[in-house]
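Have the viewer open as you read.

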Amino acid sequence: MSASVPRLVIAAPSSGSGKTTVATGLMAAFAARGLAVSPHKVGPDYIDPGYHALATGRVGRNLDAYLCGPDLVGPLFLHGARGCDIAVVEGVMGLYDGAAGEGELASTAHVAKLLRAPVVLVVDASSQSRSVAALVHGFASWDPEVRVGGVILNKVASDRHEELLREALEQAGVPVLGVLRRAAQVDTPSRHLGLVPVAERHAAAVEAVAAMAAQVSDGCDLDALTGLARSAGALSGAAWDAAEVVSSPPPPLPFPSSRGFAPSPPPGGSAPRAPGRPEGPRPQAPDRPVVAVAGGEAFTFSYAEHTELLAAAGADVVAFDPLRDEELPEGTSGLVIGGGFPEVYATELSANAPLRKAVAGLAESGAPVAAECAGLLYLCRELDGLPMCGVLDAGARMTERLTLGYRDAVAVGDSVLAAAGTRLRGHEFHRTVVEPGSGAEPAWGVRNPRPRVEGFVQRGVHASYLHTHWASEPGVARRFVERCRTS
């Protein structure tokens, strides 16, 4: 099977060049023309997809060749782009910047090649004129498999500056598809190397996206960009389907055994099951347990595929807001608390004592609870001195140190998410520390940047700093829902 969805990858020589402004503005400008636009983001970032969703009215989706493996990039793209007229993929960092020590893996260039998509290079031209030609020529010629189809010049100072830049780029042989002037109204506040999430500033974010759309519409050749998108090659293979992969998951990611950590099965236990294989007959409807998923301003980090997998595995997924709801959804059998910025809302989270008590009671009952990063902090005894749920006998606090990077992980023992020995790839992104960093039963053995154990497994709780993408291992969702049925 093959499919041809017109598509563009928006890249840049480095972070801070204006990728998000151009990509989000382009999505909104295409949508204003009546096109159904599929929004995507290269890498693990949760925040930019929120702005993409505002621009398009569709769920923003990530394409991460490290977390999910290269073979899933195309199927996940086709899944998100179903029924769309055009797709815009925002890159990550510089065009050729990938996972540390892994060559091109997970770089924007890698994803562009996997998608057979043309690249539009966004260049911050604020401090250069003729040199822009050398820069663009270098990026366009570095990898012959990457097709740089045009350039958009950002932060251009004047008509004369634009004239100099265009003259220089004629020699590089890369067409100029847009010129954007400096515009303060499209600036958005940042935190920890990323934008402030849409949920925390919805009205202002709507205004910012509208300003981005106006700037891109005025400064870019939308017809030429549409034509470039239509030149993308056909993609072979089928779209990812949650119901299909839950019942018949793909093979696990490659995971070299020579990198350090290699846990053994628990003493006296049996050998681990093969990662990703069904553990028994798939449960049948109508037995659909309620899985509560935390949301709201404090918990904004989640991949859309997670809830799709939970639903495909047989759960009724119900969202709730820990800042406002004093009770868990009626009939909750399992709880998922993803990432976000709980430290910003620590006072409000702590003040909601009824919900903290309900979460602690659910965990004490042995019901499945999956917590990532912000969820881990919420389950701790305290966060920056303020009482949290007290599920874990650990304290959390903010620090000045940023922990950031991809991780290779393996389940140390059995949990509600994975059998011992299950291998996953994850991502860490936080400025907090939890003490102690692991419980008597750790969640993961992590191989990089150094071998260590981290996280907590106790009763039905699995809590860890690692953000994982369940599309790489659908057995996680199936196992979690099964435990919801039986706990």
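What follows looks at helix packing, then at cavities and a pocket.

This is a predicted model, in which local features need pLDDT of at least 70 and side-chain atom pairs count only at pLDDT 80 or more, while totals for chains, interfaces and linings use all residues. Residues are numbered from 1 along each chain as its sequence is written, and side-chain values use heavy atoms, with hydrogens and water left out.

Let's begin with the helices. Two packed helices are described by the angle between their axes and the distance between the axes. Helices (H or I, at least four residues) and strands (E, at least two) are DSSP runs, numbered from the N terminus. Axes are lines fitted to C-alpha atoms, for helices over the stretch in contact, with angles from 0 to 180 degrees between N-to-C directions.

On the α2 side, the contact (heavy atoms within 4.5 Å) is made by Tyr 51, Leu 54 and Ala 55, and on the α7 side by His 202, Ala 205, Val 206 and Val 209. These residues divide into six nonpolar, one polar and no charged. Here Ala, Val, Leu, Ile, Met, Phe, Trp, Tyr, Cys and Pro count as nonpolar, Asp, Glu, Lys and Arg as charged, and the others, Gly among them, as polar.

Helix α7 also packs with α1 (residues 19–32), at an angle of about 85° and with the axes 7 Å apart. That makes α1 roughly perpendicular to α7. Among the residues that meet here are Thr 20, Val 22 and Leu 26 in α1, and Val 209, Met 212 and Val 216 in α7. By class, this contact has eight nonpolar, six polar and no charged residues.

Elsewhere, the axes of α3 (residues 73–80) and α4 (residues 108–115) come within 9 Å and cross at roughly 75°. The two helices are therefore roughly perpendicular to each other. Val 73, Gly 74 and Phe 77 of α3 touch Val 111, Leu 114 and Leu 115 of α4.

On a 1 Å grid over the protein atoms alone, a cavity is a set of points where a 1.4 Å probe fits but cannot get out, and a pocket is an open set with protein on both sides within 12 Å along at least five of seven lines; lining residues have an atom within 4 Å of a point. Grid points are joined across faces, edges and corners, and a volume is the space filled by probe spheres set on the points.

How many cavities of 30 Å³ or more does a search of the whole structure find? There are two. The largest holds about 80 Å³, and of its 14 lining residues, Gly 340, Phe 341, Glu 343, Phe 429 and His 430 are the closest to its centre. Strand β19 gives the most to this lining, with four residues.

The second largest cavity holds about 40 Å³. Its lining includes Trp 444 and His 462.

Finally, the second largest pocket holds about 730 Å³. Of its 35 lining residues, Phe 299, Thr 300, Phe 301, Ser 302 and Tyr 303 are the closest to its centre. Helix α2 returns here, as one of the elements that each supply at least two residues of the lining.

How values were computed
Angles under 35 degrees count as roughly parallel, over 145 as roughly antiparallel, 65 to 115 as roughly perpendicular and the rest as oblique.
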